[in-house]
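These are my notebook entries on one protein model.

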Amino acid sequence: MATLLALSGAVILALVREQTGTEGFLVGLGLAVLPVPLLISAFRWLDRVRPGPWRNLVFSFAWGACAAALIAIVANSFATRWIETATADPTGADTLGATVIAPVVEESAKAAAVLLVFLFRRRDFTGLVDGVVIAGVTATGFAFTENILYLGNAFGTDQLTGTGPGLTSVTAATFFVRIVMSPFAHPLFTVLTGIGFGLAAIMTPERGRVRRMLLPLAGLLAAMGMHAFWNGSSSFGEYGFFAVYAAFMVPVFGLLTWLAVYVRHRELRTVRDELSAYVAAGWLAPPEPFALGSLKARRLAREYAAYYGGKEAEAAVAAYEADATALALLRHRGRKGRAGADFVVRERELLDALWERRGYARSALAYASRIAAPVWLPPMYAGPGPMPQGPAYNPYRS
């Protein structure tokens with residue numbers, strides 16, 4: 001797969017550079033990269049409760065930027081030219097290509113990355129947030145490559161017309177529309193596909209395979225429809241683009257953002273509820289369910305560990321938090337009848353991993369629970385290891 005992505009990257013690089021020229025490519029690259037860190041950080045923030053492995057995010061971004069972009073450029077160009085030849089109507093062919101062909105081709109190409117992670121990294125794909133993150137990062141990669149092409153071509157147009165740099169240039173207008181106003185457009189479309197896969201991941205087997213197959217398909221069709229509506233907005237009159245942007249895109253973006261954040265908070269509640277059983281069994285200390293169900297307490301625990309034990313202790317506490325979250329979500333799926341055949345084996349693996357890292361983790365989480373608790377909690381057992389020695393830890397130190 002890595003070889004395929006590298007080959008796709010080399011080909012798409014050559015195609016974009018051929019269309020934009022070397023100077024246009026460099027300008028497009030410099031401008032297109034600006035929203036990428038912000039978008040990746042936003043999806044990573046959303047995934048903070050149970051962070052997925054970086055390899056999945058790297059694969060998703062690479063697929064979107066290389067494989068999906070290559071498929072889209074080749075297929076869109078071929079289909080548009082075929083329609084133009086068949087109808088002898090270049091304008092109609094461009095319109096049909098933008099509103100019908102492009103949404104179908106591009107959303108299908110991006111959805112392939114979500115499908116591959118869903119099938120081959122199933123342990124990492126357990127719910128709606130995972131679907132949103134994988135789909136969003138894939139679309140971010142796709143938009144990155146597409147923006148290089150559009151901005152590079154805009155720069156080339158300015159060079160041909162003699163338009164200098166400034167607010168009246170085609171490059172500035174393209175930058176404003178694609179980078180400032182709608183950097184979230186492609187992620188927003190593809191997130192609908194990710195939601196479909198996420199819902200399929202949390203469905204119980206009793207619901208049937210047909211429904212679990214229809215949910216991703218429904219998400220993909222919704223993504224295609226929204227993409228087509230967005231692309232066709234320019235044909236709705238002089239202010240059609242801005243009307244669709246304000247009346248449709250922004251509200252949908254807000255709704256999906258609220259949904260993703262709500263699901264994340266629900267996962268935190270699940271962590272608190274499910275881990276109580278392991279406290280009763282002696283695997284976890286009493287303060288831990290609360291601390292692990294609070295992002296603030298998690299952060300305080302990592303800072304506490306780093307203050308007393310350095311990077312190694314901080315990494316151990318972070319791994320403990322991730323494993324405990326995975327354990328809680330695994331138990332929740334088990335109670336709902338959605339766990340796989342390896343439930344017992346996976347549960348034991350996670351419990352053993354927690355037990356091995358309990359030294360600094362228990363001390364740090366006990367401290368964090370006392371600081372972050374909204375009500376008084378009695379002093380709890382801090383773990384089998386010695387408490388760290390040294391100056392009192394201040395979480396609010398400068």
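Predicted model: local features only at pLDDT ≥ 70, side-chain atom pairs only at ≥ 80, totals over all residues.

Entry 1, helix α9. I compared the length of helix α9 (residues 240-280) with expectation: its 41 residues should span 60 Å at 1.5 Å a residue, and its end C-alpha atoms are 60 Å apart, which agrees. For the expected span I took 1.5 Å times one less than the number of residues. I then located a kink of about 35° in α9, centred on alanine 246; the bend at a residue is the angle between axes fitted to the seven residues ending there and the seven starting there. Just after α9, I noted that glycine 282 has a positive phi of about 90°.

Residues are numbered from 1 along each chain as its sequence is written, and side-chain values use heavy atoms, with hydrogens and water left out.

I found 13 helices and zero strands in the protein chain. Helices (H or I, at least four residues) and strands (E, at least two) are DSSP runs, numbered from the N terminus. The C-alpha trace spans about 80 × 55 × 45 Å along its principal axes. Of the 398 residues in the protein chain, 48% are buried, a term that I use for under 20% relative accessible area (1.4 Å probe, protein chains only). Among contacts with a separation of 6 or more, 77% join residues 24 or more positions apart; contact means heavy atoms within 4.5 Å.

I placed threonine 193 in helix α7 (residues 185-202). Leaving aside neighbours within four places in sequence, I listed the contacts of threonine 193 as Ala111, Gly219, Leu220 and Ala223.

Helix α13 (residues 358-372) has 15 residues and reaches 20 Å from its first C-alpha to its last, close to the 21 Å expected. I noted its buried residues, among them Ala361, Arg362, Leu365, Tyr367 and Ala372. The cover over the buried residues of α13 includes α10 (288-292), α11 (295-335) and α12 (343-356).

Technical notes
Buried < 20%, exposed > 50% of the residue type's maximum accessible area, 1.4 Å probe, protein only.
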